[in-house]
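Student: I am new to this structure. Please pick one part and take a close look at it, then show me what lies around it.

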Amino acid sequence: MLVYLDQNHASRMAKHRLGQRGHEAFGELYLALRGKALAPPSPFHVLETLYPIQGPEEKAGYLLPALQDLFSELSQGYWVRPWQEVAVRQERGLSREDFLWRGGSWESPADLSSSPIATCEAFCRGKAWGGGEGKSWP
């Protein structure tokens, strides 16, 4: 099973593993996933952990090693590819190899220089949208 963990859930699992109180339910989630699911980090996890406002020097703090350890255990070394690569590969149909790779790192945050929404809009123009005939992207 492949699971994408929202940053909030990953952070709360990491906090539980550090022994912080109030995150017990996320400890249960961790136990449910461990050994049964592949939960790789993505460049968005790096962005949200290290680069949200100030930059990596001011943000990383105590949680970075705990997140790295959590994802190391749950990812089997895989990372989610950058969204731009996944978007390009989707046109021909998406396989596991198109979504996952071993080339990610905690040094490479998501690139938001071009909006994923703008990319999707350009890709979807003129294509059926929402599963209904006659519906297309505006």
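Tutor: Start with one term: contact means heavy atoms within 4.5 Å. Keep in mind that this is a predicted model.

First, the setting. The protein chain has eight helices and two strands. From the N terminus on, its elements run α-α-α-α-α-β-α-α-β-α. The chain has 138 residues, and buried residues make up 34% of them. Take the contacts with a separation of 6 or more: 67% of these join residues 24 or more positions apart.

The part to look at is α1, residues 7-17. Begin at its ends. Aspartate 6 caps the N-terminal end of α1. A side-chain oxygen of aspartate 6 lies 2.9 Å from the backbone nitrogen of asparagine 8. After α1 comes glycine 19, whose phi is positive, near 90°.

Now look along the helix. Which residues of α1 are buried? They are Gln7, Ala10, Ser11, Met13 and Ala14. Seen down the axis of α1, these buried residues fall within an arc of 160°, so they line one face of the helix. What covers them includes α2, α3 and α5. Let us take these three partners in turn.

Begin with α2, residues 24-33. Two packed helices are described by the angle between their axes and the distance between the axes. For α1 and α2, the angle is about 100° and the axes are 8 Å apart. That makes α1 roughly perpendicular to α2. On the α1 side, the contact is made by His9, Arg12, Met13, His16 and Arg17. On the α2 side, the residues are Glu24, Phe26, Gly27, Leu29, Tyr30 and Leu33.

Next comes α5, residues 63-75. The axes of α1 and α5 come within 9 Å and cross at roughly 100°. These two helices are therefore roughly perpendicular to each other. From α1, the residues that meet α5 are Gln7, Ala10, Ser11, Met13, Ala14, Lys15 and Arg17. From α5, the residues are Leu63, Ala66, Leu67, Asp69, Leu70, Phe71 and Glu73.

Stop at leucine 67. Leave aside its neighbours within four places in sequence. Leucine 67 is then in contact with Gln7, Ala10, Ser11, Ala14, Thr49 and Trp106.

Then look at arginine 17, which is found in helix α1. Is arginine 17 buried or partly exposed? Arginine 17 is partly exposed, with a relative accessible area of 30%. Not counting residues up to four places away in sequence, arginine 17 touches Tyr30, Asp69, Leu70 and Glu73. Arginine 17 and leucine 67 are 50 residues apart in sequence, and their C-alpha atoms are 9.7 Å apart in space.

Histidine 45 is buried, with a relative accessible area of 1%. What does histidine 45 touch, not counting residues up to four places away in sequence? The list is Tyr4, Leu5, Asp6, Gln7, Pro40, Phe71 and Trp106. Among them is Asp6, the residue that caps α1. Gln7 is there too, one of the buried residues of α1. The side chain of histidine 45 also has a polar atom 2.9 Å from the backbone nitrogen of serine 42.

Now step back to the core. In soluble globular proteins, nonpolar side chains tend to be buried together. Here the largest nonpolar core holds 21 residues. Leu5, Met13, Leu33, Leu67, Leu74 and Trp106 touch the most other members. The elements that give two or more residues to this core are α1, α2, α3 and α5. The largest share, seven residues, comes from α5.

Follow α5 past its end. Glutamine 76 lies in the loop between α5 and β1, residues 79-80. Glutamine 76 is exposed, with a relative accessible area of 51%. Its phi is near 55°, a positive value in a residue other than glycine. Most residues other than glycine have a negative phi.

To sum up, α1 has its buried residues on one face. The cover over them includes α2, α3 and α5. Both α2 and α5 are roughly perpendicular to α1.

Notes: Residues numbered from 1 in each chain as written. Predicted model: local features only at pLDDT ≥ 70, side-chain atom pairs only at ≥ 80, totals over all residues. Heavy atoms only, no water. Buried < 20%, exposed > 50% of the residue type's maximum accessible area, 1.4 Å probe, protein only. Polar contact = N/O pair within 3.5 Å; in protein donor to acceptor, adjacent residues only side chain to side chain. Core = buried A, V, L, I, M, F, W, Y, C linked by side-chain atoms within 4.5 Å. Helix = DSSP H or I, 4+ residues; strand = E, 2+ residues; numbered from the N terminus. Axes fitted to C-alpha atoms, helices over the stretch in contact; angles between N-to-C directions. Parallel < 35°, antiparallel > 145°, perpendicular 65-115°, else oblique. Arc of directions from axis to C-beta.
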